[in-house]
Amino acid sequence: MPSIAVKLYSVFFKFLLKHRLQNRIQTHVDESSNPYGVTTRPEESVSAANPSFTDGIATKDIHIDPSTALSVRIFLPESSLSPPEPKSKPGSSQQDESDSLNHRRNSYPNIGAPTNDSRRSSLEGSNLRSDNNVYRGYSPLPQNCRRLPIMLQFHGGGWVSGSNDSVANDIFCRRIAKLCDVIIVAVGYRLAPENKYPAAFEDGLKVLYWLAKQANLAECSKSMGSGALGVGAEFTKTQVQRHLVDAFGASMVEPWLAAHGDPSRCVLLGMSCGANIADYVARKAVKAGRLLDPVKVVAQVLMYPFFTGNVPTRSEINLANSYFYDKSMCLLAWKLFLPEEEFSLDHPAANPLVPDRGPPLKFMPPTLTVVAEHDWMRDRAIAYSEALRKAQACAEDIAIWVKKYISLRGHEFSY
């Protein structure tokens with residue numbers, strides 16, 4: 001059971017949250033005065049982007065959609081700058097490891113203290129130049145850099161709060177980026193009630209297509225030469241004017257992703273309502289198929305998803321007054337998020353097991369579902385996880401049975 005301190009904090013948290021949600025319900029939102037979907041939550045602390053490798057992670061913010069406030073924060077691990085490590089030989093000494101580290105620092109002068117040797121001067125005039133350990137773009141030897149998987153991350157907050165640049169989300173993404181050794185793209189989707197359904201879902205899918213666009217732009221720039229789209233070289237004024245087609249760099253190569261990202265290994269990670277967005281994006285990715293090439297969603301992680309439904313589960317009955325986000329809070333959040341004419345707890349955005357939600361669950365990527373013991377929505381998440389598992393198991397059983405009879409070796413398993 002939670003400690004007394006957790007219980008007391010939960011009571012205080014729910015009191016403040018209920019007050020904020022009720023205020024937003026009562027506040028008339030004039031959509032015409034906010035055409036770009038900009039939402040501010042002054043009660044939340046934010047963390048500024050930092051291109052320096054602080055604790056092994058550099059970050060930058062990018063506004064990727066000129067028509068809305070959609071932005072992303074990229075978390076780049078310092079490990080991406082290192083060339084692939086050769087397999088260690090038996091008997092290798094600590095001196096070998098030290099020599100390897102010194103070699104990497106000489107190859108990448110943007111790591112650690114700045115250098116003043118000829119290698120540094122040869123990089124003058126390029127966008128590789130760095131002050132201290134600020135990483136400004138491509139590595140001097142991009143072909144030797146590690147390509148890391150890309151993880152799209154969707155923060156929680158019950159549709160109405162949270163941000164990709166909040167202090168809590170920044171700390172979480174830094175930790176995951178280091179532990180998983182991935183590049184994280186944290187999505188700053190639009191919030192309710194200023195932007196109701198399907199704004200947040202559309203933003204999530206838009207970032208996935210932006211990743212595909214980035215990969216294709218990077219490939220085009222390589223085939224056209226390093227100067228064509230600014231890969232590894234400075235822009236002239238004419239080039240800048242020519243390639244700023246959209247706004248805020250939306251049609252320009254994003255150097256961190258182009259140099260170090262592997263879009264063929266894309267993972268979706270969502271927390272709370274962010275898990276609903278991740279699941280929606282995964283479904284759309286399955287439907288899109290090769291239209292998203294070279295982006296491939298290979299897995300998704302749903303952390304305490306914000307699923308619900310009209311017919312209550314056992315946990316939704318027994319834990320209706322649970323800690324932090326209880327049933328009444330969640331209903332308020334859904335009323336703020338869903339348009340009034342569409343409000344239903346069996347809405348496709350809320351209930352993952354409604355019929356004809358598509359595509360068939362057997363085509364969904366491998367999914368890890370994380371639930372909290374005292375979360376009143378836990379049974380709904382478990383039921384969805386079980387449905388995914390059974391669909392996949394069913395497909396595998398069918399494949400095994402069919403292959404048994406189509407085998408060239410008769411009724412034997414020849415695969």
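Visitor: What makes the meeting of the side chains of lysine 296 and aspartate 293 a salt bridge?

Guide: Happy to start there, and please keep in mind that this is a predicted model. The N to O distance between the side chains of lysine 296 and aspartate 293 is 3.5 Å. A salt bridge needs a side-chain nitrogen of Lys or Arg within 4 Å of a carboxyl oxygen of Asp or Glu, so the pair qualifies.

Visitor: Why is lysine 296 called partly exposed?

Guide: Its relative accessibility is 42%. Elsewhere, salt bridges that share partners join Asp61, Arg73, Asp170 and Arg174 into one network.

Visitor: How many salt bridges does the structure hold?

Guide: There are 15 salt bridges. One of them joins the side chains of lysine 206 and aspartate 65, at 2.7 Å from N to O.

Visitor: Why is the pair of lysine 206 and aspartate 65 said to tie together parts that are apart in sequence?

Guide: Lysine 206 belongs to helix H5, residues 199-224, while aspartate 65 sits in the loop between S1 and S2, so the pair links parts that are 141 residues apart in sequence. Lysine 206 is partly exposed, at 34% relative accessible area. Aspartate 65 has 7% relative accessibility, and buried means under 20%, so aspartate 65 counts as buried.

Visitor: How do you know that aspartate 279 and arginine 283 are separated by about one helical turn?

Guide: They are 4 residues apart in helix H8, which runs over residues 273-288. An α-helix has 3.6 residues a turn, so residues three or four places apart point the same way. The side chains of aspartate 279 and arginine 283 meet in a salt bridge of 3.1 Å, N to O.

Visitor: Are aspartate 279 and arginine 283 buried or exposed, and how do you know?

Guide: Aspartate 279 has a relative accessible area of 0%, and arginine 283 has 5% relative accessibility. Both values are under the 20% limit, so both residues are buried.

Visitor: Now to the network. Where is aspartate 170 found, and what makes it buried?

Guide: Aspartate 170 is part of helix H4, residues 167-180. Its relative accessibility is 4%, under the 20% limit, so aspartate 170 counts as buried. Beyond its neighbours within four places in sequence, aspartate 170 is in contact with Ser47, Thr59, Arg73 and Phe75. Other buried residues of H4 include Asn169, Cys173 and Arg174. The cover over the buried residues of H4 includes strand S1 (57-63), strand S2 (71-77) and strand S3 (148-154).

Visitor: How do you know that the span of H4 agrees with what it should be?

Guide: H4 has 14 residues, and at 1.5 Å a residue they should span 20 Å. The end C-alpha atoms of H4 are 20 Å apart, so the two values agree. After H4 comes aspartate 181, whose phi is positive, near 55 degrees.

Visitor: What does the secondary structure of the whole chain come to, and how much of the chain is buried?

Guide: The chain has 11 helices and 7 strands. Of its 415 residues, 46% are buried. Among contacts between residues at least 6 apart in sequence, 77% join residues at least 24 apart.

How values were computed: Residues numbered from 1 in each chain as written. Predicted model: local features only at pLDDT ≥ 70, side-chain atom pairs only at ≥ 80, totals over all residues. Heavy atoms only, no water. Helix = DSSP H or I, 4+ residues; strand = E, 2+ residues; numbered from the N terminus. Buried < 20%, exposed > 50% of the residue type's maximum accessible area, 1.4 Å probe, protein only. Contact = heavy atoms within 4.5 Å. Expected span 1.5 Å × (residues − 1).
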